[in-house]
Amino acid sequence: MKRGIHPDFRKVVFMDTNSGFKFLTGSTKMTNETIEWEDGNSYPLIKVEISSDTHPFYTGVQKFTDKGGRVDRFLQKYKMKENN
């Protein structure tokens, strides 16, 4: 491997924003946020919308409510009816 061309590999905490589930792993992903982990050390925090804790493939059920699509949110925001 050439030196100086690869990003730094370090321990980071990934947090599922839907359930609050967190896990510590290694990554090269960069972030400005940090969090104190169970071992008392501070690690970079990367927020994700879905993880193995909330993904239906792993859980067998959907744990969070559907927020609706763009069209549904637009129609609700402007109190419009959908013409079918």
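This is a tour of a predicted model, going from the whole chain to single residues.

**Whole chain**

Start with the protein chain in cartoon view. Its secondary structure comes to two helices and four strands, and from the N terminus on the order is β-β-β-β-α-α. The chain has 84 residues, of which 18% are buried. Its accessible surface comes to about 7,300 Å², and carbon and sulfur atoms hold 50% of that area. Of the contacts with a separation of 6 or more, 35% are between residues 24 or more positions apart.

**The nonpolar core**

Select Val13, Met15, Ile35, Trp37, Tyr43 and Leu45 and show their side chains. These six residues make up the largest nonpolar core. Strand S1 (10–16) and strand S4 (42–48) each supply at least two residues of this core. In soluble globular proteins, nonpolar side chains tend to be buried together.

Keep Trp37 selected. Which residues does tryptophan 37 touch, not counting residues up to four places away in sequence? They are Val13, Lys22, Phe23, Leu24 and Tyr43; of these, Val13 and Tyr43 are also listed in the core.

**Isoleucine 46**

Next select isoleucine 46, in strand S4. Its relative accessibility is 7%, so isoleucine 46 counts as buried. Leaving aside neighbours within four places in sequence, the contacts of isoleucine 46 are Val12, Val13, Phe14, Met15, Lys29 and Thr31.

**Glycine 26**

Move to strand S2 (residues 22–27) and select glycine 26. Glycine 26 counts as partly exposed because its relative accessibility is 30%, and a residue must be under 20% to count as buried. Beyond its neighbours within four places in sequence, glycine 26 is in contact with Phe9, Arg10 and Lys11. Its C-alpha atom is 8.3 Å from that of valine 13, which is 13 residues away along the chain.

**The salt bridge**

Select glutamate 33 and lysine 47. They form a salt bridge, with the closest N and O atoms 3.3 Å apart. Glutamate 33 lies in the loop between S2 and strand S3 (34–36) and lysine 47 in strand S4, so the pair ties together parts that are 14 residues apart in sequence. The count of salt bridges comes to one. Are the two partners buried or partly exposed? Glutamate 33 has 38% relative accessibility and counts as partly exposed; lysine 47, at 45%, is also partly exposed.

**Serine 51**

Go on to serine 51, in the loop between S4 and helix H1 (56–59). Despite its place in a loop, serine 51 counts as buried, at 9% relative accessibility. Show its side chain together with that of aspartate 16: a polar contact of 2.7 Å joins the two. Not counting residues up to four places away in sequence, serine 51 touches Asp16, Phe21 and Phe23. Phe23 is also one of the residues touched by tryptophan 37.

**The surface patch**

Finish by switching to a surface view and selecting Phe74, Tyr78 and Met80. They form a nonpolar patch on the surface, with about 330 Å² of accessible area together. Phenylalanine 74 lies in helix H2 (residues 70–77). At 44% relative accessibility, phenylalanine 74 counts as partly exposed.

Terms used. Residues numbered from 1 in each chain as written. Predicted model: local features only at pLDDT ≥ 70, side-chain atom pairs only at ≥ 80, totals over all residues. Heavy atoms only, no water. Patch = residues over 30% accessible without salt bridge, like charges linked within 9 Å, V, L, I, M, F, W, Y side chains within 5 Å. Areas by Shrake-Rupley, 256 points an atom, 1.4 Å probe, with all protein chains shown as cover. Salt bridge = Lys/Arg side-chain N within 4 Å of Asp/Glu carboxyl O. Buried < 20%, exposed > 50% of the residue type's maximum accessible area, 1.4 Å probe, protein only. Core = buried A, V, L, I, M, F, W, Y, C linked by side-chain atoms within 4.5 Å. Contact = heavy atoms within 4.5 Å. Polar contact = N/O pair within 3.5 Å; in protein donor to acceptor, adjacent residues only side chain to side chain.
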